[in-house]
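Please examine the sequence and the structure shown here.

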Amino acid sequence: MKNIKVLGSGCANCKTTLKLIEEIAQARGVAVDLEKVDDMAAILGYGVMSTPGVVIDGKVVHAGGVPDRKKVESWL
Amino acid sequence: MFDALGNLVAYQWLGLQDTPLGAALHFFVMDVAKILVLLTSVIYLMGWLRALLTPEKVRAMMRGRSGPGARLMAVGLGAVTPFCSCSSIPLFIGFVEAGIPLGVTLSFLIASPMVNQVAVVVLAGVIGWQMTLIYVFTGLTVAFVGGYVLQAFRLERWVEDYVWKIHMGEAALQEEQDTGLRARHDYAWNEVRQIVGRIWKYVIVGVGIGAFIHGYVPADFVAKIAGDGSVLSVIVAVLVGVPMYSDAVGIIPVAEALLGKGVPLGTVLAFMMAVIALSLPEMLILRKVVKWPLLGIFAAYLATAFVLVGVLFNALRSVIA
């Protein structure tokens, strides 16, 4: 199972990103362990300054905005 | 073209010639159409060229630098890096952690919302290149000088302790650079959706206010309260602008309507900058990383600088015009 973390301090875009990933994972029947990270030290620990960012299995795959649908699909 | 669209809707379809409502509606239709078209095209084009810098890249370029060159760079990069105010905290910490001096970081934070490619194109399309150049130049100057002035107060004292303890990881983002046409289009379109999705409310409200001023507020009334260009009127313009908050693009139609009613250039500039760069929500966000005295000094510097800009351009108006 993939571990997906959404990095963000609670802005609207971060929530949208979380929902988008959840929705696509469900639609494709992929089991994911989805986590929201809002601790600033942890976010910066990943080297991400522009939120929302997405981390999959410990690797940063996206930062600075809501990812587009195709990008999310390619991760899952 | 947009003028014709306004004519069509307000005058031909609804027959509202020579009424305040007609004038307001004409302004509204024309400006909403014009701004949305400009906004969409410029964001799409920049997305397509991948011309948008990210704060992570800026941080890497600025790492450990200080001095006048670094300050110029911070201001210049601030102007070409769009960032959402929800990112100002990680940005602030990231910069400080990279050894970028506080003054330089604050320069960046002043320049970034005030001047950006999108605002520049819309401003030029709505009120012309001359005014746009003046706005960009003064905005960048305020940001540049701000770095020095703010540094003189030794603001490091008022940065929250935990900020100094954060260590930023170097998990550099592997951005897949798929440069095919399809990928570029997808990327650019996503940028458009996100940025327009974030600021369209400000555009509608801004154009609405501009349309109201244009149609209903008599020019002599405006002239009476804001028209003389005195120092006092500029101070009032800044004080009125501070509690308001808007994206740079949203305030442009308001500025257009005010200029149309004969409000002096300096007063309009001061008002615009106060609305865009000095805002309560932004201050409250920054409060998470710095203490009140720093925010107070930051706000006081900006308010003073905007008043000076206003007074200067009002004094120069006979020379410019």
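The description below begins with chain A and then turns to chain B.

This is a predicted model, in which local features need pLDDT of at least 70 and side-chain atom pairs count only at pLDDT 80 or more, while totals for chains, interfaces and linings use all residues. Residues are numbered from 1 along each chain as its sequence is written, and chains are lettered from A and ligands numbered from 1 in the order in which they are written.

**The sheet of chain A**

Chain A holds an open sheet of four strands in the order 2-1-3-4, with mixed pairing; two strands pair if DSSP finds at least two bridges between them, and helices (H or I, at least four residues) and strands (E, at least two) are DSSP runs numbered from the N terminus. Because strand 2 and strand 4 (59-63) of chain A each have a single partner strand, they stand at the edges, and one side of each is left without a neighbour in the sheet. Direction ignored, neighbouring strands of this sheet are turned by 20° against each other on average, where axes are lines fitted to C-alpha atoms, for helices over the stretch in contact, and angles run from 0 to 180 degrees between N-to-C directions.

Strand 1 (residues 2-7) of chain A is joined to strand 2 (residues 32-37) of chain A by six bridges, and the two run parallel. Four bridges join strand 1 of chain A to strand 3 (residues 53-56) of chain A, and this pair runs antiparallel. Bridge partners of residues in strand 1 include the following.

| Residue | Bridge partner | Strand of the partner |
|---|---|---|
| Lys5(A) | Glu35(A) | strand 2 of chain A |
| Leu7(A) | Gly53(A) | strand 3 of chain A |
| Ile4(A) | Ile56(A) | strand 3 of chain A |

**Contact between the chains**

Between the chains, 22 residues of chain B are in contact with 19 residues of chain A, contact meaning that the C-beta atoms of two residues, placed from the backbone, lie within 7 Å. Helix 5 of chain B gives the most to the side of chain B that touches chain A, with five residues.

**The nonpolar core**

The largest nonpolar core has 110 residues, and Val122(B) and Phe306(B) are among those with the most contacts inside it. Such a core is a set of buried Ala, Val, Leu, Ile, Met, Phe, Trp, Tyr and Cys residues joined through C-beta atoms within 7 Å; a residue is buried if 20 or more other C-beta atoms lie within 10 Å of its own, exposed if 12 or fewer, and partly exposed in between, with C-beta atoms placed from the backbone.
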